[in-house]
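Please read them with the coordinates open.

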Amino acid sequence: MFSPAIADRLGAWFGGLAAQSGRELFPQLTDREREVLDLLARGYDNRRIAKALFLSDKTIRNHVPSVLTKLGAADRADAVQRARRAGLGADDPRLTP
C-alpha cells in the first residue's frame, strides 16, 4: 500500500519510462512522427490521425511517408508491425472518438 502522493510519483515515473521507450527505439523520428506512428499502430487511418492530433489530412499524408522512410519500412503494414513490437499502439482513452 502506498500513500496517494507516492502512488502518483510512481505512476509518473513508470509512465515516463513507457514514453521514453519509443524515443529510444525510434530515435530517428521526431516526436510528432512518433505520435503518428503510434496512431498508425492503433489502426487509425490518415483522417482519424489528423483529427486526433488536430492537424490537416495533408499534414498527415506528409508525415506517413517520412515515417516509413526513416524506419526503412516497406509499407504501412511493416511500420505498424515494428511499432507494435516496440510497444506502441496501446489504447489511449483520450483518443477514442
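This is a predicted model: local features need pLDDT of at least 70, side-chain atom pairs count only at pLDDT 80 or more; totals for chains, interfaces and linings use all residues.

1. The protein has 5 helices and 0 strands. Read from the N terminus, the order is α-α-α-α-α.

2. Burial and surface. The protein has 97 residues, and 34% of them count as buried. Its accessible surface is about 6,500 Å². Carbon and sulfur atoms account for 57% of that area.

3. Contact range. Take the contacts between residues at least 6 apart in sequence: 59% of these join residues at least 24 apart.

4. Core. Which residues of the largest nonpolar core touch the most other members? They are F26, V36, L37, L40, I49, I60 and L71, out of 23 residues in that core.

5. V36. This residue is among those that touch the most other core members. Leaving aside residues up to four places away in sequence, V36 touches I49, L53, I60, H63 and V64.

6. D78. This residue sits in helix α5. Is D78 buried or exposed? D78 counts as buried, because its relative accessibility is 17% and the cut-off for buried is under 20%. With residues up to four places away in sequence left out, D78 touches G72 and A73.

Notes. Residues are numbered from 1 along each chain as its sequence is written. Side-chain values use heavy atoms; hydrogens and water are left out. Helices (H or I, at least four residues) and strands (E, at least two) are DSSP runs, numbered from the N terminus. Buried means under 20% relative accessible area, exposed over 50%, partly exposed in between (1.4 Å probe, protein chains only). Contact means heavy atoms within 4.5 Å. Accessible areas come from the Shrake-Rupley method with a 1.4 Å probe; for residues, only the protein chains shown count as cover. A nonpolar core is a set of buried Ala, Val, Leu, Ile, Met, Phe, Trp, Tyr and Cys residues joined through side-chain atoms within 4.5 Å.
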